[in-house]
Amino acid sequence: MRKQDQINLETAQHEQLNQIVRKGEHKAREIQHAHLLLKMAAGWTDARLAETFSVSTRTVKRVRRRFLEEGLEAAVFDKVRSGRPVEYAGADQALIIATACTPAPQGAEHWTLQLLTERVIELGVEGISRETVRRTLKKTNSNLTSKGSGA
């Protein structure tokens with residue numbers, strides 16, 4: 001390891017990493033990165049770190065590089081990842097599930113996705129598609145074709 005790649009932690013940083021490791025209120029990845037940084041500061045080699053923590057040497061090098069270039073926060077915590085936000089969550093999903101658990105409409109033996117989608121739109125969920133209803137029910141292991149409609 002080159003001298004310039006040596007990790008030197010300030011007392012506050014060392015204490016912060018110890019808190020992350022001890023409390024257990026963080027993601028496993030964050031705890032692992034905190035362990036890596038603490039052991040890097042203690043002079044462990046990349047190979048020893050990789051073997052001890054069951055990660056690749058590339059991960060060890062990436063954590064070190066992030067610490068040296070961007071600081072402690074970037075090395076330990078994940079960046080916010082982009083992605084499409086959930087469009088129908090919380091109350092909308094609860095409404096879909098609650099509606100699916102009710103008896104099927106008159107004239108139908110059981111709920112179909114189309115009937116359920118139409119009912120949910122009537123109840124105020126704007127612009128929802130049949131596919132969104134299907135995915136929501138799939139996450140809850142609902143079975144629309146049973147007599148009890150999954151209730």
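This is a short chat about how to read the predicted model above.

Visitor: Before we look, what should I know about the model and its numbering?

Guide: It is a predicted model, where local features need pLDDT of at least 70, side-chain atom pairs count only at pLDDT 80 or more, and totals for chains, interfaces and linings use all residues. Residues are numbered from 1 along each chain as its sequence is written, and side-chain values use heavy atoms, with hydrogens and water left out.

Visitor: How many helices and strands does the chain have?

Guide: Helices (H or I, at least four residues) and strands (E, at least two) are DSSP runs, numbered from the N terminus. Here you'll find eight helices and zero strands. Read from the N terminus, the order is α-α-α-α-α-α-α-α.

Visitor: What does the radius of gyration say about this chain?

Guide: That radius is taken over C-alpha atoms, and the globule rule is 2.2 Å times the number of residues to the power 0.38. A compact globule of 151 residues would come out near 15 Å, yet this chain has 25 Å. Along the principal axes, its C-alpha atoms fill a box of roughly 80 × 25 × 25 Å.

Visitor: What share of the residues counts as buried?

Guide: Buried means under 20% relative accessible area, exposed over 50%, and partly exposed in between (1.4 Å probe, protein chains only). In this chain, 32% of the 151 residues count as buried.

Visitor: Can you show me a single residue in its surroundings?

Guide: Leucine 38 counts as buried because its relative accessibility is 12%. A contact means heavy atoms within 4.5 Å. Leaving out residues up to four places away in sequence, leucine 38 touches Leu9, His14, Leu17, Asn18 and Val21. Its C-alpha atom is also 9.5 Å from that of asparagine 8, a residue 30 positions away along the chain.

Visitor: What about contacts over the whole chain?

Guide: Take the contacts with a separation of 6 or more: 53% of them come from residues 24 or more positions apart.

Visitor: How many positive and negative side chains are there?

Guide: Lys and Arg count as positive and Asp and Glu as negative, while His and the chain ends are not counted. Each charge is placed at NZ of Lys, CZ of Arg, CG of Asp or CD of Glu. The chain has 24 positive and 18 negative side chains, and the centres of the two sets lie 7 Å apart.

Visitor: And how many salt bridges does the count come to?

Guide: A salt bridge is a side-chain nitrogen of Lys or Arg within 4 Å of a carboxyl oxygen of Asp or Glu. By that rule there are six. One of them pairs arginine 64 with aspartate 46, at 2.8 Å from N to O. This pair links distant parts of the chain, with arginine 64 in helix α4 (residues 57–70) and aspartate 46 in helix α3 (residues 46–53), 18 residues apart.

Visitor: Are arginine 64 and aspartate 46 buried or exposed?

Guide: Arginine 64 is buried, at 5% relative accessibility, and aspartate 46 is buried too, at 17%.

Visitor: Which salt bridges lie within one helix?

Guide: Arginine 65 meets glutamate 69 at 3.8 Å, N to O. They are four residues apart in helix α4, so about one helical turn separates them. Arginine 65 is partly exposed at 39%, whereas glutamate 69 is exposed at 56%. Arginine 134 and glutamate 131 also form a bridge, with their closest N and O atoms 2.5 Å apart. These two are three residues apart in helix α8 (residues 130–139), again about one helical turn. Shared partners join Glu131, Arg134 and Arg135 into one salt-bridge network.
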